Amino acid sequence: MKKLLDGWRSLNLPNRLTLLRVALVPVYLVLLWLFADAGALCLLPLLVFALASLTDMLDGKIARRDGLITNFGKFMDPIADKLLTHTAFIMLTAMGRLNVVACIIFIAREFVVSGLRLCAVEQGHVIAAGMSGKVKTVLQMLLVMLLTVTEGGVIASLLTLATAAMTLYSMGEYVWQNRSVLGGAR
């Protein structure tokens, strides 16, 4: 236990926020499972997901502002983001709240972009997050929050369509802008 506490104390604030996000994933899932149809109690998983989403915004801002960018953060931050959103997508799909095609689009995009980034790294390039990827993330998080407290409806359907479209656009933009990494046109 002492080693665990010493390890925690050695982390900077952005990295602690990233690990907090990872720790909140199972809390969100359990609360969603228990309280999805429990009236006002469905606000509990919403609050947990909102807090986890907030850590996503804060960890990067603090790391850049205070010069606390670490290899651990570069590695864990995107993993924490995907654990949070993708486990929510899968759970919401299993509950019948998220369209399965949208779920597949959201997850497939991450495989494509992650694969592209791996190819780029092998060639000595770094693919930075673009604005479309950030907008995609915000839309996905808003969609999860909405579907956490509602089973659907017109607003949820429209947000699902908009989020899926932005996810596809973001994927296409990453691939197009970095097609040389795949041996395409330069």
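This is a short tour of one predicted model, stop by stop.

**Whole chain**

Start with the whole protein chain in cartoon view. There are 7 helices and 0 strands to find. Walk along the sequence and the pattern reads α-α-α-α-α-α-α.

Now turn the view and take in the overall extent. Along the principal axes, the C-alpha atoms fill a box of roughly 55 × 45 × 25 Å. The radius of gyration is 18 Å. For 186 residues, a compact globule would have a value near 16 Å, so the chain agrees with that expectation.

The accessible area of the protein chain is about 10,500 Å². Carbon and sulfur atoms hold 72% of that area. Of the 186 residues, 39% are buried.

Next, think about contacts. Take those with a separation of 6 or more: 73% of them join residues 24 or more positions apart.

**Helix α6: methionine 141**

Select residues 131-149, which form helix α6. Pick methionine 141 within this helix. Is methionine 141 buried or exposed? Its relative accessibility is 7%, so methionine 141 counts as buried, the cut-off being under 20%.

Show what lies around it. Leaving out residues up to four places away in sequence, methionine 141 touches Phe49, Ser53, Asp56, Leu84 and Thr85. Keep phenylalanine 49 selected. Methionine 141 and phenylalanine 49 are 92 residues apart in sequence. In space, their C-alpha atoms are 8.4 Å apart.

**Helix α6: threonine 148**

Stay in helix α6 and move to threonine 148. Threonine 148 has 0% relative accessibility, so it counts as buried. Which residues does threonine 148 touch, not counting those up to four places away in sequence? The list is Tyr28, Leu32, Cys42, Pro45, Leu46, Leu92 and Arg97.

**Helix α7: threonine 160**

Select residues 154-177, helix α7, and zoom to threonine 160. Threonine 160 is buried, because its relative accessible area of 13% falls under 20%. With residues up to four places away in sequence left out, threonine 160 touches Leu98, Ala102 and Leu143.

**The nonpolar patch**

Go back to the surface. Select Leu41, Leu43, Leu44, Leu47 and Val149. Together they form a nonpolar patch on the surface.

Which helix gives the most to the nonpolar patch? Helix α3, residues 43-66, does, with 3 residues. Click on leucine 44, which is found in helix α3. Leucine 44 has 36% relative accessibility, so it counts as partly exposed. The cut-offs here are 20% and 50%, and partly exposed lies in between.

**The cysteines**

For the last stop, select cysteine 42 and cysteine 119. Cysteine 42 is the residue that threonine 148 touches. Cysteine 42 counts as buried, because its relative accessibility is 10%. Cysteine 119 is at 28%, so it counts as partly exposed.

How many disulfides are there? A disulfide is a covalent bond between the sulfur atoms of two cysteines. A pair counts when the sulfur atoms are within 2.5 Å. By this rule, the count is 0 disulfides.

Definitions and conventions
Residues are numbered from 1 along each chain as its sequence is written. This is a predicted model: local features need pLDDT of at least 70, side-chain atom pairs count only at pLDDT 80 or more; totals for chains, interfaces and linings use all residues. Side-chain values use heavy atoms; hydrogens and water are left out. Buried means under 20% relative accessible area, exposed over 50%, partly exposed in between (1.4 Å probe, protein chains only). Patches are made of residues with over 30% relative accessible area and no salt bridge: like charges are joined within 9 Å, nonpolar side chains (Val, Leu, Ile, Met, Phe, Trp, Tyr) within 5 Å. Accessible areas come from the Shrake-Rupley method with a 1.4 Å probe; for residues, only the protein chains shown count as cover. A salt bridge is a side-chain nitrogen of Lys or Arg within 4 Å of a carboxyl oxygen of Asp or Glu. Helices (H or I, at least four residues) and strands (E, at least two) are DSSP runs, numbered from the N terminus. The radius of gyration is taken over C-alpha atoms; the globule rule is 2.2 Å times the number of residues to the power 0.38. Contact means heavy atoms within 4.5 Å.
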